[in-house]
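Take a look at the structure first, and then read on.

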Amino acid sequence: MPHILIVEDETIIRSALRRLLERNQYQVSEAGSVQEAQERFSIPTFDLIVSDLRLPGAPGTELIKLGQGTPVLIMTSYASLRSAVDSMKMGAVDYIAKPFDHDEMLQAVARILRDRQSAPAVGEVVTGKTANGNGKSATDNSNGEIGIIGSCPPMQDLYGKIRKVAPTDSNVLIQGESGTGKELVARALHNLSKRAKAPMISVNCAAIPESLIESELFGHEKGAFTGASAGRAGLVEAADGGTLFLDEIGELPLEAQARLLRVLQEGEIRRVGSVQSQKVDVRLIAATHRDLKSLAKIGQFREDLYYRLHVIALKLPALRERGADVNEIANAFLARQSARINRTDLKFAADAEQAIRHYSWPGNVRELENAVERAVILSESPEISADLLGIDIELGDLEDDEFIGLPAQPAGNASNSSHEPTEDLSLEDYFQHFVLEHQDHMTETELARKLGVSRKCLWERRQRLGIPRRKTGVASES
């Protein structure tokens, strides 16, 4: 069981975080300061340190040196986000901004511990050797240097492109539905590049308030706006020498797009309120679930920026397009969640395997992981049924020979399934079907979470598809 040290001076936050981690099968110790942690514990013996940045006495970054290689996850308030980025340059493995939700923290912890476990094998895999040194090529090993599970033809093609593109400095645009793993691809591109030892700064453009996004990305000078009591570097500047990953770049305001274009064209930035520019060396990787070309045509995205970003385009297939990969991923999640609760007897029942394979997974890998985690927690017998997964699919409508490992029947042979969402429906068709079927008994937040999109995205698609907020009638066709 991984042992985690929490260093946080606010008792309420420290206790809440301890309960959260212990509920998820982690062993937890805690301290209120760096000095207390030194006095009570042997810091290098922990698997992970989660520390607030600002602590009484010494800052949380002191634990990076004291940990002697133990990964340190820095917590910080939104106002000191840039200081957290600086802490990454000092050796912190990642940072998380307060207030954070439980899922965000658990995902960060799980990712860091997983990366730490696999770290020794990565160097061997990159050189073309497997962990056991048998010299087998890593081409078919999706858990190797790429770090993504799956071996279907579209993913094998993607792995090949990642290996070709990663060593270059070309801009990359990663396209794919929400929850398909776009950030994993970005991390693989960074880790396999010559910039791997420099920081990779990840920015969710949809999560930063529009009024602050320019100063967050490009920095500002003292007095540039109300509250700017001191000059600060931006996240682009923090990524100098490394990689800047802009997730959901389609949400970036037009003004910020113009500044970003200057970074790509001239390799320089100008802080808000400054008249001087400074050079930066940044490799840009952007990701979006939106159609940027269509947005450019209607003036919601700069066309010149689109073509600058579209040097290399990588398309991530939706989970429903990956065939048997979905079961491989589900079993990986099952193994991980089972280990957390110290159970080795859990497995999917036949109906669960079938449901996993044929469900459309609108939330993609994120939805699948949540479904498996829920099923593992609720399971009372060794076999996990489809009901425990909470998959909304009528198994009786599937043909008897549509089992795992067999290709789905062509649409023409499934005349009795016209009322069910299938792999032949487009994403928009499935979205409309799902919302109309569930909106009477689910809130907007629940609908968005189930679909793996933000509330804003849910609202935008309602508007585009003509779906009323509540089921007051059949949605108009357009």
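What percentage of the residues of the protein chain count as buried?

## The chain as a whole

Of the 478 residues in the protein chain, 48% count as buried. Please keep in mind that this is a predicted model. Its secondary structure comes to 19 helices and 14 strands.

If you take the contacts with a separation of 6 or more, residues 24 or more positions apart account for 66% of them.

## Salt bridges: the count and a network

Side chains of opposite charge can pair when their charged atoms come close. With a cut-off of 4 Å between a side-chain nitrogen of Lys or Arg and a carboxyl oxygen of Asp or Glu, the count for this model comes to 22 salt bridges.

Some of these residues are joined in a group: a network of salt bridges links Arg14, Arg18, Glu22 and Glu30.

Where do arginine 40 and glutamate 36 lie? Both belong to helix H2, which covers residues 34-40, and they sit four residues apart, about one turn of the helix.

## Two pairs between strands

Lysine 279 and glutamate 268 form a salt bridge whose closest N and O atoms are 3.7 Å apart. Because lysine 279 lies in strand S10 (residues 278-279) and glutamate 268 in strand S9 (residues 268-269), the pair ties together parts that are eleven residues apart in sequence. Are the two partners buried or exposed? Lysine 279 is exposed, with a relative accessible area of 58%, whereas glutamate 268 counts as buried at 13% relative accessibility.

Another salt bridge connects lysine 347 with glutamate 383, and here the closest N and O atoms are 3.9 Å apart. This pair links distant parts of the chain, 36 residues apart: lysine 347 is in strand S13 (residues 347-348) and glutamate 383 is in strand S14 (residues 383-384). Lysine 347 counts as partly exposed at 47% relative accessibility, and glutamate 383 is partly exposed with a relative accessible area of 41%.

## Cysteines

A disulfide is a covalent bond between the sulfur atoms of two cysteines. How many disulfides does the structure hold? The number is zero.

Two cysteines are worth a look in the viewer. Cysteine 152 is buried, with a relative accessible area of 8%. Cysteine 205 is buried too, with a relative accessible area of 3%.

## An annotated aspartate

Which residue does the UniProt annotation "modified residue: 4-aspartylphosphate" cover? According to that record, an unreviewed entry, the residue is Asp52. In the model, aspartate 52 has its place in strand S3, which runs over residues 48-52. Its relative accessibility is 8%, below the 20% cut-off, so aspartate 52 counts as buried.

What surrounds this residue? Leaving aside residues up to four places away in sequence, aspartate 52 touches Val7, Glu8, Asp9, Gly60, Met75, Thr76 and Lys98.

Definitions and conventions
Residues are numbered from 1 along each chain as its sequence is written. This is a predicted model: local features need pLDDT of at least 70, side-chain atom pairs count only at pLDDT 80 or more; totals for chains, interfaces and linings use all residues. Side-chain values use heavy atoms; hydrogens and water are left out. Buried means under 20% relative accessible area, exposed over 50%, partly exposed in between (1.4 Å probe, protein chains only). Contact means heavy atoms within 4.5 Å. A disulfide is a pair of cysteine sulfur atoms within 2.5 Å. UniProt positions are given in the numbering used here, feature names are shortened, and annotations may be inferred rather than shown by experiment.
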